[in-house]
Amino acid sequence: MGGKTLSIKTIVAIGIGAAVFVILGRFASIPTGVPNTNFDTSYGFLALMAIIFGPVAGGLIGLIGHTLKDFIFYGTPWWSWVVVSGLVGFIIGLASKKVNIESGVFNAKKIILFNVVQIIAQAVGWFAIAPTLDVLIYAEPVNKVYLQGVVAGGLNMVTVAVLGSLLLSIYAKTRSQSGSLTKDV
């Protein structure tokens, strides 16, 4: 069989991850007062999944989850933001090998690396790409969409720094550390 394929475990993780993204986006988000912009916990979960399952899973969870959330709750996907959710998940997932959460170690060096990557991903996605696409695709007012992008991106950075780091720390503690006497079955 040629090329790399996704494992059944990763495909299941994408499906479950997208569903949890929808649920968190609907029931665990707080309006900010800026139109259509929420404090959204789903990005902390997206970061966890991207680090555990890698960039393809992270990208697909963000893309599918945001598409479904928008479709279910607003009637139509807002494609500029959907694309950025996928991009953010993908970029965070690129750090998965360096973070190596399966080692059971999520120390200060790995926390800093994780957060530098997620902050760069969020800044590029929400401060630049999403608002620019809003203007190009939907002819939205520039001042409105850049404000939305800055608010969403800033809040997502904080959510991922706090919730994402916490979830990864908890997850790491469930993994066997190299050299430990615990054996995975």
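The model is predicted, so local features need pLDDT of at least 70 and side-chain atom pairs count only at pLDDT 80 or more, while totals for chains, interfaces and linings use all residues. Residues are numbered from 1 along each chain as its sequence is written, and side-chain values use heavy atoms, with hydrogens and water left out.

**Aromatic contacts**

- You will find five aromatic pairs in the structure; rings of Phe, Tyr and Trp (its six-membered ring) pair if their centres lie within 6.5 Å.
- The rings of tryptophan 78 and tyrosine 138 are stacked, because their centres are 3.8 Å apart and their planes meet at 20° (planes under 30 degrees apart count as stacked, over 60 as edge-to-face and the rest as tilted).
- Tryptophan 78 sits in the loop between α3 (55–74) and α4 (79–94) and tyrosine 138 in helix α6 (residues 108–138), so this pair ties together parts that are 60 residues apart in sequence.
- Helices here are DSSP runs (H or I, at least four residues), numbered from the N terminus.
- Tryptophan 78 is partly exposed, at a relative accessible area of 32%, and tyrosine 138 is partly exposed too, at 25% (buried means under 20% relative accessible area, exposed over 50%, partly exposed in between, with a 1.4 Å probe and protein chains only).
- One aromatic cluster is formed by Phe21, Tyr43, Trp81 and Trp126.

**Helices α6 and α7**

- Helix α7 (residues 142–173) packs with α6 at an angle of about 160°, and their axes are 8 Å apart; axes are lines fitted to C-alpha atoms over the stretch in contact, and angles run from 0 to 180 degrees between N-to-C directions.

**Positive phi angles**

- Most residues other than glycine have a negative phi.
- Asparagine 100, although not a glycine, has a positive phi of about 45°; this asparagine 100 is in the loop between α5 (96–99) and α6 and is partly exposed at 36%.
- Alanine 139, also not a glycine, has a positive phi of about 55°; alanine 139 lies in the loop between α6 and α7 and counts as exposed at 65% relative accessibility.

How values were computed
Helix = DSSP H or I, 4+ residues; strand = E, 2+ residues; numbered from the N terminus.
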